[in-house]
Amino acid sequence: MTIMFSKVLTNTDVQKRLAVPNNSLKHFELENGNCSKSVEVKDEKGSTWTFRCYVRSDGAYKKPVLSSGWRQFVVNKGVHRGDLITFCKDVEAEATYKIIVQRKIKLLGKEFWYSPEPEQPTDATAQVIQAPADATGEVIQA
């Protein structure tokens, strides 16, 4: 897995489109002459999102952005300004793209990045958090 880029999101990134660092454009493999391409990206849960990678057709600075599909991802995933996104490319898995979203929290005076999406409880976790029950399944009142 190759990290293409990481970025702390700005208001524009969250409200309109994601500005992609120019040096990461090579990873999107736009064909000569094309100024856009659909890119399928998997999130941490394995869901697939389709973004449109677009670059200016004129000028020396291409200014790549992810447009169509990006806002839907932001809204559905609850992405905020200040969140950190990391784009990766798995060159061994037929150029599969992956996106990781992290949010900064302060804990005991130190800053940490964490995934803002709660994990679904496993069966073992669900059993631990259930209220105690008797043999008939009735909850025991303390």
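**Entry 1. Aromatic pairs**

I took two rings of Phe, Tyr or Trp (its six-membered ring) as a pair if their centres lie within 6.5 Å, calling planes under 30 degrees apart stacked, over 60 edge-to-face and the rest tilted. The model is predicted, so I noted that local features need pLDDT of at least 70 and side-chain atom pairs count only at pLDDT 80 or more, while totals for chains, interfaces and linings use all residues. Residues are numbered from 1 along each chain as its sequence is written, and side-chain values use heavy atoms, with hydrogens and water left out.

By that ring criterion I found six aromatic pairs in the structure. One of them is F5 with F87, which I record as stacked because the ring centres are 5.1 Å apart and the planes stand at 15°. This pair links distant parts of the chain, since F5 is in strand β1 and F87 in strand β6 (residues 84-90), 82 residues apart. I find both F5 and F87 buried. Here buried means under 20% relative accessible area, exposed over 50% and partly exposed in between, with a 1.4 Å probe and protein chains only.

I next looked up W49 and F73, an edge-to-face pair with 5.1 Å centre to centre and 85° between the planes. W49 lies in strand β4 (residues 48-54) and F73 in helix α2 (residues 70-77), so this pair ties together parts 24 residues apart in sequence. Both W49 and F73 are buried. I also note that one aromatic cluster is formed by F5, W49, F51, W70, F73 and F87.

**Entry 2. The chain as a whole**

I listed three helices and eight strands in the protein chain. Their order along the sequence is β-α-β-β-β-β-α-β-β-β-α. Of the 142 residues in the chain, 28% are buried. I put the accessible surface of the protein chain at about 9500 Å², with 50% of it belonging to carbon and sulfur atoms. These areas come from the Shrake-Rupley method with a 1.4 Å probe; for residues, only the protein chains shown count as cover. Among contacts between residues at least 6 apart in sequence, I find that 50% join residues at least 24 apart, a contact being heavy atoms within 4.5 Å.

Is K7 buried or exposed? I record K7 as buried, because its relative accessibility is 18%. K7 is found in strand β1 (residues 2-8). Not counting residues up to four places away in sequence, K7 touches D13, L18, A19, D83, L84 and I85. I noted a separation of 8.6 Å between the C-alpha atoms of K7 and V20, which are 13 residues apart along the chain.

The side chain of K7 makes a polar contact with that of D13, at 2.9 Å. A polar atom of the K7 side chain also lies 2.8 Å from the backbone oxygen of A19. A polar contact is a pair of N or O atoms within 3.5 Å; within protein, one must be able to donate a hydrogen and the other to accept it, and residues adjacent in sequence count only if both atoms are side-chain atoms.

**Entry 3. Salt bridges**

I counted four salt bridges, each a side-chain nitrogen of Lys or Arg within 4 Å of a carboxyl oxygen of Asp or Glu. One of them joins D13 and K7, with the closest N and O atoms 2.9 Å apart, and both residues are buried.

In another, D43 and K77 bring their closest N and O atoms to 2.8 Å. This pair links distant parts of the chain: D43 is in the loop between β3 (36-42) and β4, and K77 is in helix α2, 34 residues apart. D43 is buried, with a relative accessible area of 3%, and K77 is buried at 14%.

K104 forms a salt bridge with E111, the closest N and O atoms being 3.5 Å apart. I class K104 as partly exposed because its relative accessibility is 41%.

**Entry 4. A nonpolar patch**

Which residues make the nonpolar surface patch of about 500 Å²? I find I105, L107, L108, F112 and Y114. Patches are made of residues with over 30% relative accessible area and no salt bridge, like charges being joined within 9 Å and nonpolar side chains (Val, Leu, Ile, Met, Phe, Trp, Tyr) within 5 Å. β7 (96-107) and β8 (110-114) each supply at least two residues of this patch.

L107 is found in strand β7 and, at 47% relative accessibility, counts as partly exposed. L108 is found in the loop between β7 and β8 and is exposed, with a relative accessible area of 84%. I note for L108 a positive phi of about 55°, although it is not a glycine. Most residues other than glycine have a negative phi.

Conventions:
Helices (H or I, at least four residues) and strands (E, at least two) are DSSP runs, numbered from the N terminus.
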